[in-house]
Amino acid sequence: MNRGNHWISQIKRNYDLYLLLIPGLVFLAIFKYTPIYGLVIAFQDFNIFKGIGDSPWVGFKQFERLFASDEFGNIMTNTLLISLYKIVILFPIPIIIAILLNEVGRMWFKRTIQTIIYLPHFLSWVIIAGLFVNIMSPQTGIVNGIISYFGGEPINFFMDNSFFRSIIVATAGWKEAGWNAIIFIAAIAGLDPELYEASKLDGASRIQQVFTITLPGIASTIVLMLILRIGSVLEAGTEQILLLYNPTVYETGDVIGTYIYRMGLTSMEYSFSTAVGLFESVIGFILVIGGNALAKRVTGKSIW
Amino acid sequence: MKIKQSLSERVYIWLVYIILIGSAILCLFPFLNVLAKSLSSNWAIISGKVGLMPIAFTMENMIFVIRDQLFQKAFLVSIYVTVVGTLGSVLFTAVTAYPLSKKHLPGIKFILLLYIFTMLFNGGLVPSYLLIKNLNLMDNLGSLILPALINVFNMLLMKNYYESLPESLEESAKLDGASNLRIVFSIIIPISAPVFATISLFYAVAYWSNWFSPMLYLNDPALKPLQLYLRDIVLQASDENLLNQDIDSLLNLSPEGIRNATIIVSTIPILLVYPLLQKYFIKGILIGSVKG
């Protein structure tokens, strides 16, 4: 039997499994690939009444406009700074939490801590923005209450360009640091317990075990997560920033995602905004693909 | 020598516990502070002295929020979107993931790649917005559900779970003459409770928390889900419903207290559901992420 016949007989035997794929493929075509096709308007002067078919093609005009615009330098700087702060400061925290949780013997304690630190992940950005605007309010917030108690001047955190990025990083950390530990906890749980037993017999302390067993054991997971994270370096947290920023802090808080939103849906510059989005997507895509190839070479593992 | 080592060990363990407890307190603190404020009287809130315990305890803020008709409406819209959306998503995801777990079948790997590609590259804001417009889904709750029916990450979690099931299960059913569909619905789905609980929770939270899509696609005030309502009340400090109250009932009430109470009441559904599902989702993620 040749290969083609084998395929056909397999498809025939499992035709019902292939039927199950249809709803998903329809979804994929409409809601995922139609917008990807819609990216062509980045190369047009798109007019919503004319549609993609009749709008004039303009080549790279929108991209040239982006690179020449005054805002471009500012939004790139803000995006990269906020992302880099988030990576440098926030990426190690879940790893540390996972390692610390691994040191805890009491299951009930471990469970309780996990339940609590995963919780913020399940709150919406609107709620979190509300919580932090509240506790940092210059009039009634407890943070400024403490500052005044020690004789300081109340700070209007959300209107202050010197604090805005820190707030973005801190609130993102509050929301996701605990939750992001889950993947490292899973990786540690997959390590062979005999390794710990053996090194204990060799007289290794628990701190030494962290550096000789736990960390090397989860190193490949760490590298993979870091690469995935770096792939989204141009996504600095659009929804979060849209909810927390205001024109006073555009100077430090306006990022690519918020700029796309303002240009596209407030100023209705559909083609220009799509071009900015495409620029972001292409760079992100290259970073992930490149990073994955690098990870394969370094650790022998890859995301797919 | 041995005693010294065990001393440093003990210090280390103490540090571990202290850091973990500290992180947990940090996670709870903003929430507990706002809870305390929502249960405090107006003057206590304004004085800025409310910490973790309510001062001059009052339920009036809470009662005001729960009785407020705009809040109730927004709450019901959110419940509706969350329930319908989660049911639809779980069904679509479970049905799609099963054939994709049969990698040996022709074409499956390619289709899987079509899904994974959309995780790495997407149309972005404006093309998605124009799509919803062209589909006439503006001011329609479908705009919140249809584009979110399948989350590829959740789908892969489910697929990995199916792959981890022992093949003998399906083979014995096949020998008995059961069709593939029969196997999915009578064998696979019933033993997949942990991963179903996990992705149900993920979908429910995503639908419940979604602010961005309703902000883009809904203008009709009657369709406003909770997150949009919250944004108006909590962040833009629009207190139109507060202004409509008569003065007598406002003695203990304040915009600040109501804002705090609104945050707390909106979080309650998640606080109720999350601990119930937690024991499942840790298991579900562990199994589903074995292959990443």
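Colleague: Into which domains is chain A divided?

Modeller: This is a predicted model. The bounds come from an automatic or database domain assignment. In chain A, one domain is written as two segments. The division is domain 1 (1-34) and domain 2 (50-190 + 217-299).

Colleague: What distance separates the centres of domain 1 of chain A and domain 2 of chain A?

Modeller: The centres are taken over C-alpha atoms. For domain 1 of chain A and domain 2 of chain A, the separation is 38 Å.

Colleague: And how far apart do the centres of domain 1 and domain 2 of chain B lie?

Modeller: Chain B is divided into domain 1 (1-58) and domain 2 (66-288). Their C-alpha centres lie apart by 32 Å.

Colleague: Which helix gives the most to the side of domain 1 of chain B that touches domain 2 of chain B?

Modeller: The contact takes nine residues from each of these two domains of chain B. On the domain 1 side, α1 (2-38) and α2 (42-46) of chain B each supply at least two residues. By class, that side has three nonpolar, five polar and one charged residues. With four residues, the top contributor is α1(B).

Colleague: Now the two chains. Which helix supplies the largest share of the side of chain A that touches chain B?

Modeller: In total, 73 residues of chain A are in contact with 75 residues of chain B. The chain A side divides into 49 nonpolar, 19 polar and five charged residues. Its largest share is 15 residues, and they come from helix α2 (residues 15-38) of chain A.

Colleague: Which residues of chain B does L131(A) touch?

Modeller: Leaving out residues up to four places away in sequence, its contacts include I263(B). The chain B residues it touches are P30(B), F31(B), V34(B) and I263(B).

Colleague: Which element of chain B has the lowest mean pLDDT?

Modeller: Chain B averages a pLDDT of 86, and 89% of the residues score at least 70. The highest mean, 97, belongs to helix α7 (residues 142-145) of chain B. Where pLDDT is low, the predicted coordinates should not be read in detail. The lowest mean, 50, belongs to helix α14 (residues 240-243) of chain B.

Key. Residues are numbered from 1 along each chain as its sequence is written. Chains are lettered from A and ligands numbered from 1 in the order in which they are written. This is a predicted model: local features need pLDDT of at least 70, side-chain atom pairs count only at pLDDT 80 or more; totals for chains, interfaces and linings use all residues. Two residues are in contact if their C-beta atoms, placed from the backbone, lie within 7 Å. pLDDT is the predictor's confidence in each residue, from 0 to 100. Ala, Val, Leu, Ile, Met, Phe, Trp, Tyr, Cys and Pro count as nonpolar, Asp, Glu, Lys and Arg as charged, and the others, Gly among them, as polar.
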